[in-house]
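Reader: I am new to this structure and would like a close look at one part of it, the sheet and the helices beside it. Could you take me through that part slowly?

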Amino acid sequence: MKALANRSLLAGCLITALVALMALASFLWTPYDVTKLVVADRTQAPSLIHWFGTDHFGRDIASMIMVGARNSIAVALVAVGIGMGIGVPLGLFAAARGGLLDEALMRLNDLVFAFPALLSAIMITAIFGPGAINAIIAIGIFNVPVFARVARAGALSVWPREFILAARAAGKGQTLITVEHILPNIANQLLVQGTIQFALGILAEAGLSYLGLGAQPPMPSWGRMLFDAQTRMTIAPWMALFPGMAIVITVLGLNLLGDGIADLLDPKSRRRR
Amino acid sequence: MSLLEIENLSLSIGAVPVLSDVDLSVEQGEIVALVGESGSGKSMTALTVMQLLPHAARTSGRVLLDGANLLEASEEHMCTLRGDDIGMVFQEPMTALNPLKTIGEQVAEGIRWHARASRAEAEERTRRILDRVGLPEAKFPLSRYPHELSGGQRQRVVIAIACALKPRLLIADEPTTALDVVLQAQVLDLLRDLVAENRMGLLLISHDLAVVADMADRITILRNGQVMEDGEAAQVLSVRTHPYTRQLAQASTHVPEIRAAAAHNTLDSPQAPLLVVQNLTRDYPGRRLSLLRRGAPTRAVDDVSFSIAPGRSVALVGRSGCGKSTLARMVLALDRPTAGEIRFRGETLTGRSEVELKPARRDMQVVFQDPYGSFDPRQKVVKLVTEPLHLLEKSPSRAERRDMAAAALAEVGLGPDALDRYPHEFSGGQRQRISIARAIITRPRLVVADEPVSALDVSIRAQILDLFADLNARLGIAYLFITHDLTVARAITDEVMVMEEGRVVERGLTHAVLDNPQSGAAQELVSAAPDLKRALERRLREQG
């Protein structure tokens, strides 16, 4: 019940669930077939027949947003997952050990960080060929150093605190302290960073798709739709407007969700609501 | 007309009343102390005068500075007053300065802004005021950054900023609470001299009656936002008409009754020592000068040897930075000594692995200074208190843990309803009780307490000292009490060790050392330590 009392969590859950539902629904039904080109209907303004209008090939934008959600969300989510899954333990480990090992890990991190995501994506696709999976891996690798840094910085600020000393006096080792005390205390920062990286993931996927390194046509993705719309902004603004709004709303929903979970994890704000 | 005249001041923040009908006045050249425990509204009174209250604050009454009501002054007008006519010194010298600016820039800033002085002129005045507060340019050039100064030196910079323009009113909010006693005495002397020189009015906010008795001309005692008693400082504090004044004064010189009855009077103990420390040394590597070169190492603890008998309570006193806490950490096996040996219950702790240390850790626990920082804010009390149970051979079940936690809480005077609450729901004193419950849950034989009462109000401090004494008497726990407060050492310990620059320079029975200190370090501490009784005697003698 506490969770429902938290307004931003509720709103975040609703929006995220809605987007997820939309993506799932697209497997069963879409208003129009997104693989069929109807050139006669190209760049039509939003109407009762085509709610969000059509693109330059006459495809229904509402249907494309539904199908594109699958791709965009999957890529961004998995990429965040990869980044968190590898980056967070790495950062926590570096912070717990300190010294030379920390230094070495973080410099390695810098090396990956210094390499633009797009460049590594091109490299990966050059080796393994283009496709959504390779885009995910490329974006995921780009996320690793981000999470490693946030986790390490957060952990370093928790380690010198007295309750950690108390835990050490209670004979707890680095691993146990990290799991019991450090991680819960930096979960907030990680969640917020997670929502930011998710948003960036959607954009990165869009960039890769634009270069032809992401989802392959005819599979639509939000990013691809945006880039297609770019040159037609003046004649068909709806082509950019609706996919753009889809991205904004999804990111907003995830941000609210992240904030809500962060509040839920914090005993101080829990009491206030 | 008084310099500052507060009449019927009431303040509420949101729906919470903070002050009600506070009257207070400060004359030119006068030191007025505002005394009270935390939450009494002392700092809020100061912020009201500065008009730096939070947005939700509502005030009524009058705050007159030279007859002009500050409560009605515009923000623009306040900006010209703050720093120019009213200066403020904050408690925490670590955070009151901007770490990115040199001390010269920070002092000159106010001078340039208010006096419209040229750069050269402001620099000249900065030089003069820094010299005045005891930071001569030859040793402390204006280009120093705050992190290059010690706590006491930083507080001098803060005072220099506040006094640079010779304000008529200076507000000092617990200006020495973060400093050790020797620095405290120096800073208080400085404030007193500046007040006399410039005929400033000083509103000194403090929780420490001994400091106030020594410094203030008049005193106002606040409790829950209301003035309990006010008047001539030495009079109020020696006559103690108001029951709350009496309570505060008694609490600040409190000695637990149990101890008064059962004090150990000899240094020798028939039992084998519980803890033996031999030739302990700890070096910290010097600062890295370049990739391969390091500066000379710092010796934090230098060849220290001592022992503690079972059930004894030993104080470790010394100025900040003398190596007290490093020594304590090594005793707790949280830090490795560079050389020397620690034996606990006859076994050596040095060089042991975490697993081998488990049995020793069970018998040795710790209580920290800060009742806020020593708990994971995300865990419930039951989890926090049972953390040391990790050390038991056999891990107890959930129900057993709860029972043990409830028992430990009962031991420190808290009910079982505390189990499922979070630390932020408790007051400072309650938290320190929880911290003690955590320390005694494994029934240790030694508790190391690092300034366990210095963050607490006097009346709470008295209760916690009683608790320590009681646990010592009932459970036979030995204490290593780290403190810079000699009143605490006197109240609760049998023996005292005085540390200076990493060495133990004096050791003996508490009353013997504190009444008749031999070493320079001990003498310095004793003479600098504020003492309510001595201060009052001196003041009353002066007044005849």
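Author: Helices, of at least four residues, and strands, of at least two, are here DSSP runs, numbered from the N terminus. The model is a predicted one, and the UniProt record, an unreviewed entry, places the feature "domain: ABC transporter" at residues 4-249 and 275-526 of chain B. Over residues 4-249 of chain B the chain is 39% helix and 26% strand, with the end C-alpha atoms 27 Å apart, while residues 275-526 of chain B are 35% helix and 25% strand, and the end C-alpha atoms of that span lie 27 Å apart.

The sheet to look at is an open one in chain B, built from 6 strands in the order β16-β17-β18-β13-β19-β20, with mixed pairing. Because β16 (364-367) and β20 (503-509) of chain B each have a single partner strand, they stand at the edges, and one side of each is left without a neighbour in the sheet. On average, neighbouring strands of this sheet are turned by 20 degrees against each other, direction ignored.

Helix α15 (residues 428-440) of chain B, in turn, lies across β16 and β17 of chain B and runs at about 170 degrees to β16(B).

Key. Residues numbered from 1 in each chain as written. Chains lettered and ligands numbered in written order. Predicted model: local features only at pLDDT ≥ 70, side-chain atom pairs only at ≥ 80, totals over all residues. UniProt positions renumbered as here; feature names shortened; annotations may be inferred. Pairing = 2+ DSSP bridges. Axes fitted to C-alpha atoms, helices over the stretch in contact; angles between N-to-C directions. Contact = placed C-beta atoms within 7 Å.
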